[in-house]
Amino acid sequence: LKPFTALDWAFAGTSSSSIGSPDADGHAVARCEWRHWIDHRTEKPEDVVDEGSMYPIDGDDQRSLEKGRMVNPSTGRLTEYEEIWRDVEAVAIPDPEDQEGVAGEDEDEEDDEEGKTDEEGEEEEEKVSAVLILDEPEQRARGMVVRIGQYCQGVLRVKGEFSLERWEWVGEEKGWERKVRMGSLLLPCGPAMDVLGMEVGSQVRHGDFRWEVVELDYF
């Protein structure tokens, strides 16, 4: 459990982007906008203006430079900023049921049969993306949990309280490992990591609330 003094900014919502005019070097520049639905800095996230331009970095295909202007929460003044974004490839995670099946296989099988089983298993594995949301205005409660491949993280605000968690798959031996947790509210990261029995529109009871599955894709 980490203190909130270690946190710069946590929020969740949606984003959009469009191709803008090329920069001075002729590179394509993307104009991006992030619409906040939950924000740890404010209980009025819709008022937050968060947009910038994404520039390519020469010789680096995995990172981009974002430049923009926004209100600095420390000073209240409109200030220019720069951020570096890094693209990470999503990976497929073994299904919990598949892991049980592998553990129960006969170790005395022929080597060529084991290889065939492994190859078939890899072909069947799919990457998963899932989004769960909580929206209960009468309780002043909003939450969002997002799972993409090997990462799962979520934020939750209930009135004046705020909590967040971030998990990462670190391999079949250790499985999912929680990297960060702040606050005492409960988030349904476990169900989002398993996704067993889930479908779009279904609900997950977790703590005092019911979360809705609004996105679930296999790719």
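Two strands pair if DSSP finds at least two bridges between them, and the helices (H or I, at least four residues) and strands (E, at least two) named on this tour are DSSP runs, numbered from the N terminus. The model is predicted, so local features need pLDDT of at least 70 and side-chain atom pairs count only at pLDDT 80 or more, while totals for chains, interfaces and linings use all residues. Residues are numbered from 1 along each chain as its sequence is written, and side-chain values use heavy atoms, with hydrogens and water left out.

Of its 219 residues, 32% count as buried, where buried means under 20% relative accessible area, exposed over 50% and partly exposed in between, with a 1.4 Å probe and protein chains only.

Next, select residues 203-206 and 209-218, which are strands E11 and E12, antiparallel to each other and joined by four bridges. Within this pair, valine 204 has tryptophan 211 of E12 as its bridge partner. Two residues lie between the strands of this hairpin, and glycine 207 takes a positive phi near 65° there.

Now turn to two residues whose phi is positive although neither is a glycine.

- Lysine 159, with a phi of about 55°, is found in the loop between strand E8 (151-158) and strand E9 (161-169), and at 41% relative accessibility it counts as partly exposed.
- Valine 195, with a phi near 50°, is placed in the loop between helix H3 (189-194) and E11, and this valine 195 is buried, with a relative accessible area of 9%.

As background, most residues other than glycine have a negative phi.

Then select arginine 63, which has its place in strand E4 (residues 60-71) and is partly exposed, with a relative accessible area of 36%. Leaving aside neighbours within four places in sequence, arginine 63 is in contact (heavy atoms within 4.5 Å) with Ile57, Ile84, Trp85 and Arg86.

Finish with strand E1 (residues 11-19), which gives the most to the lining of the largest pocket, with seven residues.
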